[in-house]
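These are my notebook entries on one structure, written while I looked things up one by one.

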Amino acid sequence: MHEVEMMQNILNIAVNRAEEEGAQHIRLVHMRVGEVSGIVPDSLQLAFDVAKAGTMAENSRLEIEYLPVRCYCPNCNLEFQPLDQLYQCPQCHQPYCEVRQGKECELAFLEVS
Ligand SMILES: [Zn+2]
């Protein structure tokens, strides 16, 4: 399962950070997940439960913040929220503009003790 592997990477980073701070336990793991990251939220929670077992994050909670898609049109120098899968610029109607936000799947911050 792809999500478990990814969650193990996230937790590795989390544990390293917590250890650097001299923490004993991780209480909360806050992640940012983009709308088009390809990650299924339910499987993320499941993967988290699998990956945290036996680590200092064992009793921690996962918090997920969802980021909507933001695109950028170089013609108009405009950042916008696309209305459909074409990522079309609302001003010049150019399709498939650059996705600037929405593909994230990253660790944002931790709460440790
Ligand atoms: Zn445009």
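What covers the buried residues of H1? I found that the cover includes S1, H2, S2 and S6. Before going on, I note that this is a predicted model, in which local features need pLDDT of at least 70 and side-chain atom pairs count only at pLDDT 80 or more, while totals for chains, interfaces and linings use all residues. Residues are numbered from 1 along each chain as its sequence is written, and side-chain values use heavy atoms, with hydrogens and water left out.

**Entry 1: helix H1**

I take helices (H or I, at least four residues) and strands (E, at least two) as DSSP runs, numbered from the N terminus. I looked up the length of H1, which has 19 residues and reaches 28 Å from its first C-alpha to its last, close to the 27 Å expected at 1.5 Å a residue; the expected span is 1.5 Å times one less than the number of residues. I then listed its buried residues, and they are Glu 3, Val 4, Met 6, Met 7, Ile 10, Leu 11, Ala 14, Val 15 and Ala 18. By buried I mean under 20% relative accessible area, by exposed over 50%, and by partly exposed in between, with a 1.4 Å probe and protein chains only. Just after H1, I noted that Gly 22 has a positive phi of about 75 degrees.

**Entry 2: the cores**

I next looked for nonpolar cores, each being a set of buried Ala, Val, Leu, Ile, Met, Phe, Trp, Tyr and Cys residues joined through side-chain atoms within 4.5 Å. The largest one has 23 residues, and those with the most contacts inside it are Met 7, Ile 26, Val 29, Met 31 and Leu 44. Two or more residues of this core come from each of helix H1 (2-20), strand S1 (26-34), helix H2 (41-52) and strand S6 (105-112), and H1 gives the largest share, eight residues. A second, separate core has seven residues, among them Val 69, Cys 71, Cys 73 and Tyr 87. In soluble globular proteins, nonpolar side chains tend to be buried together.

I also followed the contacts (heavy atoms within 4.5 Å) of one residue in the list above. Apart from its neighbours within four places in sequence, Val 29 is in contact with Leu 11, Phe 48, Ser 60, Arg 61, Leu 62, Glu 63, Leu 107, Phe 109 and Leu 110.

**Entry 3: helix H2**

Which residues of H2 are buried? They are Ser 43, Leu 44, Ala 47, Phe 48, Ala 51 and Lys 52. Seen down the axis of H2, these buried residues fall within an arc of 155 degrees, so they line one face of the helix; the arc is that of the directions from the helix axis to the C-beta atoms. On the other side of H2, I found Asp 42, Leu 46 and Val 50 exposed. The buried residues of H2 pack against H1, S1 and strand S2 (61-67).

Is Cys 89 buried or exposed? Cys 89 counts as buried because its relative accessibility is 1%, whereas Cys 92, at 33%, counts as partly exposed.

**Entry 4: single residues in loops**

Tyr 87 lies in the loop between strand S4 (78-80) and strand S5 (98-101), and its phi is near 50 degrees, a positive value in a residue other than glycine. Tyr 87 counts as buried at 15% relative accessibility.

Glu 104 is found in the loop between S5 and S6. Glu 104 and Gly 34 are 70 residues apart in sequence, and their C-alpha atoms are 4.7 Å apart in space.
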